[in-house]
Amino acid sequence: MSELHDECGVFGIYKNDKDMDIVEETYLALYALQHRGQVGAGIAVNNDGNMIYYKDQGMIPEALPEAELNRLGNGTIALGHVKYSSGEVVDHENLAPLVMRYIKGQLAICMNGALANYHVLREELNQGAAIFQSNGDTEIIAYLIARARINAATIEEAVQTAVKQLNGAYAIVMMSPSKLIGVRDPLGIRPLCVGKIGQSYVLTSESCVFDSLGGTFIRDVKPGEMIVIDEEGMHSYTEGCGEKSALCLFEYVYFSRPDSVVDGVSVAKARQRAGMLLARQHPVEADFVCGVPDCGVESAIGYSMESGIRYSTGLIKNKYIGRAFNNRKKNSEYLMRIKLNALTHNVEGKRVIVIDDSILKGGTSKHIVDLLRQAGAKEVHMRIASPVFKNPCFLTSDTTPKEDLIGAKMSVDEICKYIGADSLGFLSAESLSEIAKECKLGFCDACFTGNYPLDVSDTSRDDKYSKKLK
């Protein structure tokens, strides 16, 4: 159970089925994406060019009450978004979709990712007398599109002009008065895919949405590709595509749901492979293997399959609270106890191998080992289904400073001693790409290796932008 914050989730639908309730489909899709963001959600609906929206903080049932959903109507295009916090303060202005009026009417936009050149773009727009309502990346992109639209013949041309100015990781879904548009960053760092629900086209972060809603997955959006959906169907623009790609490996390790397929690779299969590799690289005698729910479970199954050591349940997660629960001002150890507990009946007197997806600051891992010890575990051997996390990621929804990363300041033996385990083993950086060897893209592994796929020299956000706007 990593301390890394989740990514955001995006969804867009263009309705071609007359009997479809577009708000209901969007609402259910956000449930399928809830794992990607748990502090806020929003839906925007296009009713003949008039965009009505509602968004609020909290998980989906809190953020999107039925009374507000009924007010949205039943238009032809809709966007949905689930949010986790990033460098910006999570208040109402920073929630998505962002709906704005500009020279060509209305535009609604939401994104997953982060801009490495946010600071430069914001300063440039400030010098042009832009007035900001939020301190998020999405509003920057909206301004760039609005500015480009003044001279562009079409919305497609304006979007292409705007995204050329972006340096970062992003999956963007937006709607104009008559079109649904999706854009994936040129390196493909953030995932985006296209499919259908009935005859209606959908753009979304993960393929699990189509399974949940009884839809059909068509394909992943190519890195740098822009997809436009209108009354004539789906159109592809590949001018922004290049040869180099760098999909975030953490989509397989942690971010994505196990029942998703990301760029040709089953997430569940990738995690099981990570567990199998761990068993080969860090074998140990034990009575059973367990996974830290939820992201360590598939890797634990893989470890069990490879080692021949039985798999069982050692930890129970409270599924009725989200990660947003951590925002409450309570003692962090108390909050972790509410979220996770050891199954004493299985653990007592046993030698336990516990598999987790990653270690960032080390506090959660220490708590897990303590839980198992208190439940009577004879030995606790921790195995991590990713390499040592040594470098901050500037391209996710949350950036942990390098000085807070335990892997950047301690050796593996020192980390093992700190968390109180009998032994500790990480997946080797050299073998990480093997977990998704069928993937169509290259990978970004900068958090482990420090090799960033793009320039991240301008990623710091000045205090005047990172604090809540008054």
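Tutor: The protein chain holds 17 helices and 23 strands; these are DSSP runs, helices being H or I with at least four residues and strands E with at least two, numbered from the N terminus. Its radius of gyration is 22 Å, close to the 23 Å of the globule rule for 470 residues, so the protein chain is as compact as a globular protein of that length. That radius is taken over C-alpha atoms, and the rule is 2.2 Å times the number of residues to the power 0.38. The model is predicted: local features need pLDDT of at least 70, side-chain atom pairs count only at pLDDT 80 or more, and totals for chains, interfaces and linings use all residues. Residues are numbered from 1 along each chain as its sequence is written, and side-chain values use heavy atoms, without hydrogens and water.

Of the 470 residues, 59% count as buried, meaning under 20% relative accessible area (1.4 Å probe, protein chains only). Take contacts, that is, heavy atoms within 4.5 Å. Among those between residues at least 6 apart in sequence, 70% join residues at least 24 apart.

Now zoom in on Leu454. Leu454 sits in the loop between α16 (446–449) and α17 (463–466). At 14% relative accessibility, Leu454 counts as buried. Which residues does Leu454 contact, leaving aside its neighbours within four places in sequence? They are Ala116, Asn167, Gly168, Leu187, Ile189 and Leu395. Ala246 lies 208 residues from Leu454 along the chain, yet their C-alpha atoms are separated by 9.5 Å.

Key:
Buried means under 20% relative accessible area, exposed over 50%, partly exposed in between (1.4 Å probe, protein chains only).
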